[in-house]
Amino acid sequence: MSFRKVVRQSKFRHVFGQPVKNDQCYEDIRVSRVTWDSTFCAVNPKFLAVIVEASGGGAFLVLPLSKTGRIDKAYPTVCGHTGPVLDIDWCPHNDEVIASGSEDCTVMVWQIPENGLTSPLTEPVVVLEGHTKRVGIIAWHPTARNVLLSAGCDNVVLIWNVGTAEELYRLDSLHPDLIYNVSWNHNGSLFCSACKDKSVRIIDPRRGTLVAEREKAHEGARPMRAIFLADGKVFTTGFSRMSERQLALWDPELDSSNGALLPFYDPDTSVVYVCGKGDSSIRYFEITEEPPYIHFLNTFTSKEPQRGMGSMPKRGLEVSKCEIARFYKLHERKCEPIVMTVPRKSDLFQDDLYPDTAGPEAALEAEEWVSGRDADPILISLREAYVPSKQRDLKISRRNVLSDSRPAMAPGSSHLGAPASTTTAADATPSGSLARAGEAGKLEEVMQELRALRALVKEQGDRICRLEEQLGRMENGDA
């Protein structure tokens with residue numbers, strides 16, 4: 001079906017994008033020139049992270065959102081990798097934890113100080129080694145704490161428990177060629193992937209099985225991408241044989257550029273924003289249940305082409321300004337925020353624009369997810385303007401959750417819905433020991449907080465005594 005604009009009723013028809021003023025941009029950033037189709041940028045309500053050029057290894061910049069203007073060349077970076085960094089992703093359950101994948105075949109997880117970096121950060125909290133070729137894809141689980149997915153150029157997908165530095169699942173027979181991208185579904189029970197063999201796959205990681213596969217989703221040879229939507233559908237971007245850009249469900253031909261299309265999805269509003277590498281525009285579409293399912297809304301256009309793009313989580317937006325999305329556009333040497341707003345005359349909270357959204361609290365622990373449980377994200381209201389809770393430090397336990405046996409994967413799946421013959425973590429480890437370990441960890445955390453409170457009470461008590469003594473001396477005329 002040919003691409004055309006259809007006039008239809010939608011509260012997002014008049015969404016418009018606006019770049020911020022120059023003094024609110026992040027200037028003089030040496031954005032990485034590595035040839036890899038990742039976003040190069042990740043953002044959350046506290047920090048902006050950008051992969052940058054680095055000599056003798058790989059590095060990325062982490063800036064507090066408030067640190068706008070020119071960035072000093074000597075500003076500290078996260079620089080523990082020995083090869084260029086290819087992908088970064090902030091933990092959805094801790095705004096101070098970020099994971100990175102690199103050409104050095106490792107995944108590293110970093111704890112960023114609460115107020116940002118004051119010196120180069122070279123020591124990660126944990127190093128995850130399991131890939132034999134460069135790691136180009138990093139994706140945190142949306143609802144289970146400390147579960148991280150990585151995919152490498154060895155065509156292998158690994159699922160990690162970051163809290164124990166253990167490999168949970170190895171999926172090494174489902175992708176015959178290079179993996180372009182991976183996207184978790186709403187509750188993290190499945191993920192979809194786009195592969196160089198032109199197939200889009202839906203995979204159950206705990207069973208190691210192929211749930212569904214769409215061959216030749218796009219005929220073109222250039223990279224395509226696939227993302228899960230809230231209703232379980234999969235949205236893909238790709239190319240025709242003539243290098244014309246295409247979107248899935250229907251195949252609207254957009255243009256003939258060679259830059260990969262990067263889709264960003266807002267499950268609260270069912271709006272997909274599509275940014276092309278090398279483009280100077282952001283197109284946005286509304287996904288609905290009535291044909292033709294994908295409805296073109298509008299295009300934001302600017303003068304400068306984009307090298308990469310980051311998207312702010314919903315809880316980091318300014319609801320008082322009817323801001324429904326904010327993108328961080330990478331130029332040659334700067335990062336420019338682009339604000340998407342819906343014009344409204346009323347100053348009241350707009351319930352239809354801001355339904356309850358995913359908050360920072362994990363719905364599951366890693367062990368619960370491994371045992372087979374699923375849970376939707378824990379939602380929060382943005383009515384009172386989101387106030388972040390105190391972040392918990394990432395704690396690494398060297399206890400092996402899975403004993404010494406690695407879960408056995410199902411043999412190469414050539415048929416849809418092939419039967420699973422896997423050993424889950426729940427089989428490998430008695431559930432009682434997992435529960436006891438979880439209870440012990442929580443007890444230790446409570447004890448640490450109790451000790452800290454006792455120390456604080458004692459300190460305040462001593463201070464009150466000193467003040468009372470000083471007051472007494474002043475009243476007696478001794479001071």
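A charge sits over a ring when NZ of Lys or CZ of Arg lies within 6 Å of the ring centre and within 35 degrees of the ring normal. Keep that in mind for the first stop. This is a predicted model, in which local features need pLDDT of at least 70 and side-chain atom pairs count only at pLDDT 80 or more, while totals for chains, interfaces and linings use all residues. Residues are numbered from 1 along each chain as its sequence is written, and side-chain values use heavy atoms, with hydrogens and water left out.

**Charges over rings**

Select Lys277 and Phe40: the charged end of Lys277 sits over the Phe40 ring, 4.0 Å from its centre. Now try Arg222 with Phe239, where the charged end of Arg222 sits over the ring, 5.8 Å from the centre.

**Aromatic pairs**

Rings of Phe, Tyr and Trp (its six-membered ring) pair if their centres lie within 6.5 Å; planes under 30 degrees apart count as stacked, over 60 as edge-to-face and the rest as tilted. The structure holds 11 such pairs. Select Tyr169 and Trp369, an edge-to-face pair at 6.0 Å centre to centre with 80° between the planes. Tyr169 belongs to strand β15 (residues 166-171) and Trp369 to helix α1 (residues 366-370), so the pair links parts of the chain 200 residues apart (helices, H or I of at least four residues, and strands, E of at least two, are DSSP runs numbered from the N terminus).

Is Tyr169 buried or exposed? Tyr169 is buried, at 0% relative accessible area, and Trp369 also counts as buried at 0% (buried means under 20% relative accessible area, exposed over 50%, partly exposed in between, with a 1.4 Å probe and protein chains only).

**The nonpolar cores**

A nonpolar core is a set of buried Ala, Val, Leu, Ile, Met, Phe, Trp, Tyr and Cys residues joined through side-chain atoms within 4.5 Å. The largest one has 51 residues, and those with the most contacts inside it are Ile29, Leu48, Phe60, Val62, Ile112 and Tyr328. Strand β4 (residues 47-52) supplies the largest share of this core, 6 residues. Apart from it lies another core of 24 residues, including Phe12, Cys322, Met340 and Phe349.

Which residues does Tyr328 touch? Not counting residues up to four places away in sequence, its contacts (heavy atoms within 4.5 Å) include Tyr26, Cys41, Val43, Leu48, Met309 and Pro337.
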